[in-house]
Amino acid sequence: MLVVKDAVSADQQVTALAATLAAQGRYPLLVFENVAGTRVATNLFSSRPRIARLLGTTPENIHRSYQQKARRAMNPKVLRRGPVLDVVEKRVDLSKLPLLRHFETDKAPYITNGVIVCEEPGNLSYHRAMRHSKTELATSLHSRGHLWRALEIAREKKRRLPVAMVIGAHPLFMMAASARLGFGEDERRIAGGLFGSPLQVIKTPKHGIRVPAAAEFVLEGTLDPQAKVEEGPFGEFTGYSSNRTTNTLFRVDTVMRRKDAMLVDVLGGNSPEHLNLSRVPRESEMAEKLMARFPSVTRLHYPNSGVHFHAYVALRARREGEARQVMLALLGWDPYVKTVIAVDEDIDVTDDSQVMWALATHFQPHKDVLIIDGLPGNALDPSASAAGTTSRMGLDATRGPNFDAVRAKVSEAALARAEKILKKK
């Protein structure tokens, strides 16, 4: 953890400091004592080893541990009181809410760690939001996920949708909010599984929405399916500023916060934190599905360089075409992934250089590539067609059954001797 006691501007300086550290290969949890008068914590999910520690495991076992814990889902426990009810403001003034501007191209300061909670059906999901007025936020449901579906149902019924936005809670709650579940399944139950005990919640004063009792800030209100507001551009996970938005209006009725509330931020853009927070649950689900269906699969990794659109899969291929079958499954199961590279099990898929070496030495373009066109793409992909479609590609960088080259290697004895010599230096 790195504590910054110097006064820091809320305009891009938090992002600048984290980016400078990342360029040095450093990814600490950052705590700022004074960002325009507010304490700020960010960069929590930038480190895979730190995520592993949160799950009580090692980086190599993140997927297995996450899935095991998530399967022990349990219902939340409702409390009468909690720290988030220390201060309850019914005369809403969002100009007092601490917000950061992450990029020069952002339209305004943004909430990047806004987990919107919906009761009908139970659902948690992340949505960027900017202040529209003293009592309103402009947000985007560009994922067209379960919250969008719930809002469409509310539109048909000609009513607003009650919701609450949680800004800052336990990291395992934040991770659970990234889980991908079926419509009507509740990520609050996944949070309980990750905790190993029920998520402790309170009910918001007006709409009775169950939110973490120890959250930093909670904004209670409604999404208006009829209203449209300007929102964006905003620096998204692709590394580009996105204007693609649903222009959804969030009317805030109540602000709740701890008396010592601090802003828990998620670094925007294609930061390791932004990518890891949403990717670890997705990777875990995909790894389990692939390994259950294809026992030859040994490892799965979505590299930061691929901003959700690339995946590397390692396997112990035994038959011609086996890698293709695995890649087709992943391209079909995960709507974000555009390119999959399949490699042999001795390649470390968390190391881009090893994957690129396998691609350089094992791959022949005329026979080892497969391309599928005209599939629905991610709404934020700047290269997608005007209709939102994309093509997808699989690259088979496995050696294959007829590969007969011998890999150059250094003997174990020589490596041991080198290590012994270097210990004296």
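Trainee: Which elements each supply at least two residues of the lining of the largest pocket?
Mentor: This is a predicted model: local features need pLDDT of at least 70, side-chain atom pairs count only at pLDDT 80 or more, and totals for chains, interfaces and linings use all residues. Residues are numbered from 1 along each chain as its sequence is written, and side-chain values use heavy atoms, without hydrogens and water. Helices (H or I, at least four residues) and strands (E, at least two) are DSSP runs, numbered from the N terminus. The elements that each give at least two lining residues are β8, α4 (146-156) and α7.

Trainee: What volume does the largest pocket have?
Mentor: A 1 Å grid is laid over the protein atoms alone; a pocket is an open set of points with protein on both sides within 12 Å along at least five of seven lines, a cavity is a set where a 1.4 Å probe fits but cannot get out, and lining residues have an atom within 4 Å of a point. Points are joined across faces, edges and corners, and a volume is the space filled by probe spheres set on them. For the largest pocket, that comes to about 1200 Å³.

Trainee: Which of the 41 lining residues are the closest to its centre?
Mentor: The lining of the largest pocket has 41 residues. Closest to the centre are Tyr-126, Ser-143, Arg-180, Arg-282 and Tyr-336.

Trainee: How much space lies in the largest cavity?
Mentor: The structure has two cavities of 30 Å³ or more. Residues lining the largest one include Pro-98, His-102, Tyr-110 and Asp-265. Its space is about 50 Å³.

Trainee: Which strands stand at the edges of the five-strand open sheet?
Mentor: The order is β19-β20-β21-β23-β22, with mixed pairing; two strands pair if DSSP finds at least two bridges between them. An edge strand has a single partner, so one of its sides is left without a neighbour in the sheet. The edge strands are β19 (297-301) and β22 (369-376).

Trainee: Which residue in β23 is the bridge partner of Ile-371?
Mentor: β22 and β23 (residues 389-396) run antiparallel, joined by six bridges. In β23, the partner of Ile-371 is Met-393.

Trainee: What angle does the direction of helix α8 make with that of β23?
Mentor: Helix α8 (residues 322-333) packs on the sheet and touches β19, β20, β21, β22 and β23; contact means heavy atoms within 4.5 Å. Axes are lines fitted to C-alpha atoms, for helices over the stretch in contact, and angles run from 0 to 180 degrees between N-to-C directions. For α8 and β23 the angle is about 155°.

Trainee: Is Ser-296 buried or exposed?
Mentor: Ser-296 is in the loop between α7 (272-293) and β19. With a 1.4 Å probe and protein chains only, buried means under 20% relative accessible area, exposed over 50%, and partly exposed in between. Ser-296 has 8%, so it is buried.

Trainee: With which residue's side chain does the side chain of Ser-296 make a polar contact?
Mentor: A polar contact is a pair of N or O atoms within 3.5 Å; within protein, one must be able to donate a hydrogen and the other to accept it, and residues adjacent in sequence count only if both atoms are side-chain atoms. Here the pair is 2.8 Å apart, and the partner of Ser-296 is Glu-322.

Trainee: And which side chain makes a polar contact with that of Glu-136?
Mentor: Glu-136 is in strand β10 (residues 136-139) and counts as buried at 15% relative accessibility. At 2.9 Å, its side-chain partner is Arg-251.
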